[in-house]
Amino acid sequence: MSRIRLSRNRRGAALFLTLLISIAIAAMALGAVLLSRGAQIATSFTAREASLQAAANGGLELIRDSVNRGNFDTLLPLNNFTTLASSAAVTDAMGNTLPGITRSLYVGRTGGRTGGSATAGQYGSNFASAVSIISDRRGAVAARRLLMTQESWAKFAVAVNNWSGSAAYGCTESVSGPFHSNTGLKLSSGCSSPKTLFTGPVTVAGSITNQPSGDYRAGVKTSASAIPWPTPARITLMRQFAQDGDAANGDYDLTSSTSGAKIPGLRIEFVTIDVNGNGMIEWDEGFMRVWKPANSRDSVLAYATGRRWPTVPSGTTQSDDPNMISRNCGAVAQLNGTGSSVFRTAADIYNGTTGGATNQRTAVRTALTTNGTHRCYLGGDPRLFKATTGDSLTPDSTVTNAPVASNNFGWWVKRRAGALASLATVRSGDKAYLIPLGSNPNFKGVIYVSGDVAISGRLRGRVSVFATGNVILADDLTYTNPPGTNCDVTGDIFGAIATKDVIIEDNNLQTPFKVNNVVWSGYDDTSDANYNMFFLAAGTSAGNDGNFYGEGVDGSGIPVDIWSGAASVNASAVSVRCGDAPNGCIRVTGGLAQGRVDNATYTYRRYGWGEAHTYDPCGAVNPPPYFPTTGRFVESRYYEVDPVWLRQMSIADYFDKLRAQ
């Protein structure tokens, strides 16, 4: 059988295959084109978005520059905002107009650093918000907000406006933290080992006298720009904030009976109370109480701040026994060898001792020197009285502060709105005199004093005291939480702002005094004067106020140097010395800002306090409420704002919302 071979015609198959390959290649090419176009569109969109964002951020810096270069009070009305540009053209760095883009710029005062009730009203005048809105012709919008904060003088460990006196830092002294002077800086000559130590950056608008005597660990700059110094007029603006904290306008807006005096007619003492009994002093358990001298008599004012008693009985001298009949100093003692051993003032011991003047003097001298319980207290201190209630707390002045009707030395001022209900159990004896700080939701952190004020106590909270006269450091003022350990809104920080001077009080608590012509010490709970605070002595630019000094050191306080001419000096008085300073150390943990440097805290080996200060970094992060600022606004936080939400709200409503925080 034969096989038949079939033959098939395959012509045209190659053409078909070629067409398929061509279509595939074309599709791939088209895909590549489409992908490339998509990438170009995405890149163009990203570039456009970046351009809008950059223009918006640039607008924020234009706003900050305008506020810093101009009069910020004009640009930042208290209850409104300012429009700096409305749909204005935008230019690039070369000054060329960017086509199709417009920009609107707004600025206004706003509320706290973080917002919310915890910071409401605490920092209002120090914060502002800049809002920049960018639009293009296609309807794309970018909105940015910059929260700006005014740079505080609390950022410096030491700041000086006018260094005009001859005082100079010694070779063994140091400044821990930033230092700035609007004029010059003076160092002692010839310092080599050691040198005056500056651990933070040093900026001086003028020059440094004996500059080689300094060791500048963080650098030094001379001929720096001066920073505008706070004026008394700006300080008086704080009164409104004090009044806002109390509907009755009295608890935080206070009036002293003296102004520009070294013996103040008012004192404020800070108190902490464990209201809820949990063993901790929380942020809302801080209070203050106010002692008001009855009048301006020497003895009344001396009593308020525990000064040497201005009168002595016959047979003694002021120079040898200044506190023979003091109402501030005393000890635990009996009278005439009988009765209970309780704390009695020198006046109580003198007046209650029988057998004549010699016995009276001996009894007082014995109590003030040989008794380990001898102490001095500021006027009105509960430990000066027998309590009128079982809780041994501050008694009512009408009962205990007036031995006779014509001899009233003053009183604690009652809270105008009445006692807090939460104090009814824990402080039944003196609840009426305790004025709340953090637990009062209306308190803005500001206490305003017309005139001079003495300060002391233990602080829990964020407080600034503004005084139109002098601020007197009468006794220790310390935080519940140690400085630098908690810089947020629940931490403790204190500002003392004086229109005139900040003065270390020369009183029995901080200065040794003579008993029977022998210098004694140990009449306070600490040998040094400890102050946790940032203070600013602004000065009035008339005369030499604006200083920080120890009373008596400048020659205008106590004319008699108690250390010279004494029969002897008790060993405990010698141990209180701080280097060559006989009164001990004055330790300010915080910052010092002085309008002038004319005076010192001590006279070499004769009188006053040695300085041993430490910078608290919380001042730069979260300064005391309304502490005076340099006027310069710096960036705090950036926010991206939803433009659709913003358009629905309106700019006016947005700034109203920001001010409410």
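D253 is a buried residue, with a relative accessible area of 11%; here buried means under 20% relative accessible area, exposed over 50%, and partly exposed in between, using a 1.4 Å probe and protein chains only. The model is predicted, so local features need pLDDT of at least 70 and side-chain atom pairs count only at pLDDT 80 or more, while totals for chains, interfaces and linings use all residues. Residues are numbered from 1 along each chain as its sequence is written, and side-chain values use heavy atoms, with hydrogens and water left out.

Which residue forms a salt bridge with D253? The partner is R239, and the closest N and O atoms are 3.1 Å apart. A salt bridge here is a side-chain nitrogen of Lys or Arg within 4 Å of a carboxyl oxygen of Asp or Glu. This pair links distant parts of the chain, 14 residues apart: R239 sits in helix α4 (residues 239-244) and D253 in strand β14 (residues 253-255). Helices (H or I, at least four residues) and strands (E, at least two) are DSSP runs, numbered from the N terminus.

| Salt bridge | N to O distance |
|---|---|
| R239 and D253 | 3.1 Å |
| R308 and D506 | 2.6 Å |
| D598 and R596 | 2.6 Å |

Take R308 and D506, whose side chains meet in a salt bridge. R308 lies in the loop between α5 (298-304) and β17 (329-335), and D506 in the loop between β27 (502-504) and β28 (513-515), so the pair ties together parts that are 198 residues apart in sequence. Both R308 and D506 are buried.

Finally, a look at an alanine. A347 lies in helix α6 (residues 346-352). Is this residue buried or exposed? A347 counts as buried, at 3% relative accessibility. Leaving aside residues up to four places away in sequence, A347 touches M324, I325, S326 and R327, where contact means heavy atoms within 4.5 Å. A347 and N323 are 24 residues apart in sequence, and their C-alpha atoms are 8.6 Å apart in space.
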